[in-house]
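Here's a quick tour of charged pairs and a ligand site. Have the structure open while you read.

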Amino acid sequence: MAESDNSRKSINRRQFLTTTLKTACSVGIMGVGLGFYTQRANALPPMAIRPPGALPEEDFLGACIRCGLCARDCPYDILFLGQLGDDIPSGSPYFIARTGPCEMCEDIPCVKACPTNALDHSLTDIEKSRMGLAVVIDQENCIAFQGLRCEVCFNVCPLRDKAITLDLQHNRRSGKHALFIPVVHSDACTGCGLCEKACILEKAAIKVFPTNLAKGELGHHYRFGWKEKEKAGKALVTPDVKHQYNLPEGVRYDLQGEGLIIDKKPSDSPFSSNPLDTLNRKAEDKD
Amino acid sequence: MANMPQDVGKEAVRAKGWIGAHKWLILRRISQIGILAAFVAGPWFGLWIVKGNLASSLTLDTLPLTDPYILLQAMVSGVTPETAGILGAVIVLVFYALVGGRVYCSWVCPVNMVTDAAAWLRRKLGIRGSSHASRSTRYWVLALTLILPLITGGIVWELVNPVSIMFRGIVFSMGLAWVLVLAIFLFDLLVSRDGWCGHYCPVGAFYSLLSTRAIVRVSAVNREACDDCMDCFSVCPEPQVIKPALKGAAKGVGPVIQANQCTNCGRCIDVCAVDVFQFGNRYSNASKTGIKSGEEYSKHTV
Ligand code: SF4
Ligand code: SF4
Ligand code: SF4
Ligand code: SF4
Ligand code: SF4
């Protein structure tokens, strides 16, 4: 009696252990699967921009509980939540600049609504937000590069002249006009996407990307000489002694400044650069 | 004599009328649909009673409510929530700790309607057979969902959690969420009885842990009247919780269903033709024969 009782107990114990082990294993496998799935699912597509104040992506995915309160409180209804089947981690908020840019509300209601600090409540000045970075990405189609006046992106930018400036450049095609090239400055651009929305092209030539995609990064040892010089108030290397160059007459070399300076045009070559001149001269010769 | 599962509740309908035999079920559906309606009234009709979803919400712009389980996952991954978030979670915690954690399951969770439908169809079609996963698997899954944020730094479970995805799908927009809903329905219907809620769902597991000392409990007050029709066992999503309370008189176990897996759905009350069950509280658990409480009983038998 006692014996059979014992053996029943030990069978029960063995059964218990096997079931526990089985369960633990299958749940473990599920965990590994989930882990891999997260890796894949967390790769945010480049056009999906997080709302203002969003923590860096890895932290954001731990902090956002996917309540959608930010989306609900956005007066412009630009925020969406990722759905199952989207490339965006499900339930997390994003906007698409081209169709609905962030209007940069002064009171930032989306941030205030967030219960978890996934949108950082220490952001109180919307101009300090960094949702992404605008990049003038297609210089072949941006009509400013063709010498046409556009400036739409420049004009709609809420931080005009700080986040985006127009850089005047010589128009080599016409020879007498200027190019008004839009240039974005990462120290001021909030990544709101208003410029991308406003771009007049069929597909925007200026696009907002998540900052980590938009920005390059210098080698950490790299220093710009002129910046270091400015910081130190003087050149960091001893300037070269005045150099004697063996240069043709009328040509100088300014080591610290402009480089090669041609004081006088070299004498004309026998041929004019304008082919018409040659043709005309030929005509004259005939006479 | 035990009834066939197909015939669950027929006796009760005969004895108490259709309404009488579906009272708690009707109230539950009103609660579930009412909660959903409160959330969609804003986006659909501009009536902003509640904003957000079950993860976190703001009612009438004043009352914050936050799912403590999801917030816990966020905190494990290393965030410090806002005051509104914490306050919301505390309110929810206290509420469910008093009324029974799995009241969330039977009165709030939208998946419940899906799994109830599957269980109903399963009974009607007489589908038997079940998978062999243990009911404690859900606690393992629960542990997993709290360990993964620690390792990955993200709320991993919320990428796939059908409870969140389904509710968000209804309140925001569906996407492929219906695939997940269909999957759970088919799983519960064809593979495993009460498969999702009874075996895997970590949300239910979390809320059941929360209700270990819950005050509101179903009690088999009138258990002498039980005629062994087995209807309550057929209809209960956690049938294992009934036996100690219903059949424990001889062993001196009180009539209150103590097990925290009981969802307080009240279906057992509805379906019993002789009115064995009632809602009561944890403390009126004196057994007429006795000495031991249900917990002591389970300590002795497990
Ligand atoms: S700042 Fe305003 S427009 Fe931009 S996401 Fe927040 S609420 Fe919406
Ligand atoms: S309010 Fe915060 S937690 Fe909620 S969805 Fe938005 S970012 Fe996520
Ligand atoms: S995204 Fe465009 S519009 Fe917005 S701040 Fe940057 S440059 Fe200006
Ligand atoms: S067990 Fe999970 S899915 Fe089922 S009702 Fe409860 S919370 Fe919802
Ligand atoms: S015991 Fe009754 S109240 Fe509890 S889950 Fe089962 S049917 Fe519902």
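## Before you start

Keep in mind that this is a predicted model. Counting over all chains, the structure holds 16 salt bridges. A few of them are picked out below.

## Across the chains

Let's begin with Asp73(A), which forms a salt bridge with Lys51(B); their closest N and O atoms sit 2.7 Å apart. This pair crosses between chains: Asp73(A) belongs to helix α3 (residues 69-73) of chain A, while Lys51(B) is in strand β1 (residues 50-53) of chain B.

Lys51(B) has a relative accessible area of 12%, under the 20% cut-off, so it is buried.

## Lys51(B) again, within chain B

Lys51(B) also meets the side chain of Asp61(B) in a salt bridge, at 3.3 Å from N to O. Here the pair links distant parts of the chain, with Lys51(B) in strand β1 of chain B and Asp61(B) in the loop between β2 (56-59) and β3 (63-66), 10 residues apart.

Is Asp61(B) buried or exposed? Its relative accessibility is 54%, over the 50% cut-off, so Asp61(B) counts as exposed.

## Helix to helix in chain B

Next up are Asp116(B) and Arg28(B), whose side chains meet in a salt bridge at 3.2 Å, N to O. The two are 88 residues apart and link distant parts of the chain: Asp116(B) lies in helix α6 (residues 111-125) of chain B, and Arg28(B) in helix α2 (residues 23-45) of chain B.

Arg28(B) counts as buried because its relative accessibility is 1%. Asp116(B), at 21%, counts as partly exposed.

## A charged network

Which residues are joined into one network by salt bridges that share partners? They are Arg102(B), Arg135(B), Arg138(B), Arg193(B), Asp194(B) and Glu238(B).

## Around ligand 1

Now over to chain A. The residues around ligand 1 include the cysteines Cys74(A), Cys102(A), Cys105(A) and Cys110(A).

By class, the shell around ligand 1 has 10 nonpolar residues, one charged residue and no polar ones.

Terms used
Residues are numbered from 1 along each chain as its sequence is written. Chains are lettered from A and ligands numbered from 1 in the order in which they are written. This is a predicted model: local features need pLDDT of at least 70, side-chain atom pairs count only at pLDDT 80 or more; totals for chains, interfaces and linings use all residues. Side-chain values use heavy atoms; hydrogens and water are left out. A salt bridge is a side-chain nitrogen of Lys or Arg within 4 Å of a carboxyl oxygen of Asp or Glu. Helices (H or I, at least four residues) and strands (E, at least two) are DSSP runs, numbered from the N terminus. Buried means under 20% relative accessible area, exposed over 50%, partly exposed in between (1.4 Å probe, protein chains only). A residue is near a molecule or strand if one of its heavy atoms lies within 4 Å of it. Ala, Val, Leu, Ile, Met, Phe, Trp, Tyr, Cys and Pro count as nonpolar, Asp, Glu, Lys and Arg as charged, and the others, Gly among them, as polar.
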